[in-house]
Amino acid sequence: METPTYVLEFEKPLRELVKQLDELRQQSIETNVDLGTEIHAIEGKIEAMQRDIYSNLTPWQKVQIARHPRRPYALDYVGLICESFQELHGDRQFKDDQALVGGTAFFNGDAVMIIAQQKGRDTKEKIARNFGMPQPEGYRKALRLMRMAEKFSLPVLTFIDTPGAFPGIESEARHVSEAIAVNLREMAMLRTPTISVVVGEGGSGGALGIGVTDRVLIFENSYYSVISPEGCAAILWKDGTAAPKAAAALKLSADHLEKLGVVDEVIPEPLGGAHNDPAQAAGALKYALQKHLNDLRALAGEKLLETRYERYRHLGVYEDAGVVRS
Amino acid sequence: MHFDKPTYTVRKTKKKDIPKGVYTKDPASGEIIFNKEVEDNQMVVPKSGHHFPLGARARIAKLFDEGSFVEMDAAVRSSDPLNFVDSQPYPERIKRYERDSGLPEAVICGVGKIHGVDVAAAVMDFRFCGGAMGAAAGEKITRAIEAAIAKKIPCIVFSASGGARMQEGIYSLMQMAKTSAALGRLAQARLPFISVLTHPTMGGVTASFATLGDVILAEPGALIGFAGARVIKDTTKQTLPVGFQTAEFLLKHGLIDQIVSRLEMRDRLAEILHALHVRRKSPARAAGKN
């Protein structure tokens, strides 16, 4: 059975046209009357409307696409662009976190280390993956694998897709703050090329915990933010329904992040979002990853670390004696 | 949303918690106390040991050897790169924080001596925008760490923060990476980093420099955590244990090294600095004190 189609609010007019098209086609078969002209006209209308909707998405609409239940998840991309993924489990201390996974793989023939935040597709998997919210053990496993990558000179590719690190009693007791903080410091010092790509949600410190990399890529409809639009709305607007306003104010969408210098490249998505053609989205990602890997291989040793330090050193805008600096 | 009555006890910092006027009720003992007496003891109630929040300037005045502190980067201030407007424009909020706190930013940085040991220090102040970390605060802390590396001296950061400064969006998140990367260089230079957690230290500050100390100290009763109690309760529907996310909870779980009274902080820091950096006994101990 096919999964029921999930329609976003702003896609509803489009859905109506698709319904009309289906009806016309059915009518054409049943009555044996040639409705080719009418069908063609509606097809044209659908495409025009699709282009119109998708070229004018608001930041809040993009957040909806980033959270779309059919959006390709990290391991979908790994399957599409890598070969022989060997998952390596556990933090060697407490447990195996299924919201943050990793392992070796081959990318265009070269060995790489994959670190990936993974959401679940059905209810059972969603629970097993904790809705993509990693616990301290996930970050500690990620660090273990990144150190292994450094030891064996493998580039690290991280896939970011989380609403945030899991907020819970156990998570606090096992020091999720420290797990994230140590990753930030150690990733800044890691002696191997690193690239992260925000494939869906870039939820705050939980995302950054695997995101301090030489290059940061992001899919066109993904977002990356210091706080969820709902959380920001609740705090600053005292109104959870002000999330669309907060999403716009936070400048959390890919195009803004590129202008702010936080991401290095925006990966284009197929019309209607990555879920409409995962293979096409994966193809664009594969091309971009290879290009950035080639660039980074030219930067050896100290130069790589120096460039990475400078990249983060200048993120942020402040005034010093009245002069705007970054 | 859940509006049921909370069954947990967490400390919250509100303006009214900070003593004004002549008398205040001590939240620890319920006794009425003279504000003057509290102020004379770095905002610690002598009898009960309750720690009221302490401003950065007042802390600096008592922490360093007299006249040794030299402020750095006092002209670094917040900017508004996102043109952020919620109920009011961000630059107007900043002006209000400056006016109300008398501070240029949420953190004051500089170099000074503690019992003769040179250190670079950053001291946060909760009164300025809840100590939220934006690009200016991140820059000042990073420069303090870089100053420690350049001068080959230890670095101490006193945290007091609700977390990231939302009005600076993704840039505020990136301050976590910036400060942590600088601490990587400090560690590489084998210079001590001592992190002191004061009430409250939450969110992005906890998940970056605050938990990266070679030694992590906390003031008694300080609220310290990653996620806020409300968020945890709403997400997990768990009943939070009494004393959750307090300094005492962290010590019990092995997450911090010591809980230190503010009145002893200077001497304790000197001991640790002498052990890790000077590598001889502190003069105080040599003289038979402590």
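Reply: Begin with pairing: two strands pair if DSSP finds at least two bridges between them. This is a predicted model, in which local features need pLDDT of at least 70 and side-chain atom pairs pLDDT 80 or more, while totals for chains, interfaces and linings use all residues. Residues count from 1 along each chain as written, chains are lettered from A and ligands numbered from 1 in the order written, and side-chain values use heavy atoms, without hydrogens and water.

Me: How many residues of strand S8 of chain B are buried?
Reply: Buried means under 20% relative accessible area, exposed over 50% and partly exposed in between, with a 1.4 Å probe and protein chains only. Strand S8 of chain B spans residues 193–202 and is mostly covered. Its buried residues number 10 of 10.

Me: In the hairpin of S2(A) and S3(A), which residue takes a positive phi?
Reply: This hairpin has two residues between the strands. The phi in question is near 45°. The residue that takes this positive phi is Asn108(A).

Me: Which strands stand at the edges of the open sheet of three strands, each with a single partner strand?
Reply: The order of this sheet is S10(A)-S9(A)-S4(B), with antiparallel pairing. Each edge strand has one side left without a neighbour in the sheet, because each has a single partner strand. The two edge strands are S10 (323–325) of chain A and S4 (76–78) of chain B.

Me: Which residue in S4(B) stands opposite Glu319(A)?
Reply: Strand S9 (residues 318–320) of chain A pairs with S4(B) over three bridges, in the antiparallel sense. Opposite Glu319(A), S4(B) places Arg77(B).

Me: Which helix packs on that sheet?
Reply: Contact means heavy atoms within 4.5 Å. The helix that packs on the sheet touches S9 and S10 of chain A together with S4 of chain B. This helix is H4(B).

Me: Where is Gln167(B) found, and is Gln167(B) buried or exposed?
Reply: Gln167(B) is in the loop between strand S7 (155–161) and helix H5 (169–188) of chain B. Leaving aside residues up to four places away in sequence, Gln167(B) touches Leu236(A), Leu82(B), Phe84(B), Asp86(B), Tyr90(B) and Arg93(B). Its relative accessibility is 5%, so Gln167(B) counts as buried.

Me: How many aromatic pairs are there over all chains?
Reply: Rings of Phe, Tyr and Trp (its six-membered ring) pair if their centres lie within 6.5 Å; planes under 30 degrees apart count as stacked, over 60 as edge-to-face and the rest as tilted. By this rule, the number of aromatic pairs over all chains is seven.

Me: Why do the rings of Phe10(A) and Tyr54(A) count as they do, and what is the pair called?
Reply: Phe10(A) lies in the segment before helix H1 (12–31) of chain A and Tyr54(A) in helix H2 (residues 36–55) of chain A, so the pair ties together parts 44 residues apart in sequence. Phe10(A) is buried at 13% relative accessibility, and Tyr54(A) is buried at 11%. Because the centres are 6.2 Å apart and the planes stand at 65°, the pair is edge-to-face.

Me: What aromatic pair do Tyr97(B) and Phe128(B) form?
Reply: Tyr97(B) is buried, at 13% relative accessible area, and Phe128(B) is buried at 0%. With 5.7 Å centre to centre and 45° between the planes, the pair of Tyr97(B) and Phe128(B) is tilted.

Me: How many residues apart in sequence are the parts that Tyr97(B) and Phe128(B) tie together?
Reply: Tyr97(B) belongs to helix H3 (residues 90–101) of chain B. Phe128(B) lies in the loop between strand S6 (117–124) and helix H4 (135–151) of chain B, so the separation in sequence is 31 residues.

Definitions and conventions. Helices (H or I, at least four residues) and strands (E, at least two) are DSSP runs, numbered from the N terminus. Axes are lines fitted to C-alpha atoms, for helices over the stretch in contact, and angles run from 0 to 180 degrees between N-to-C directions.
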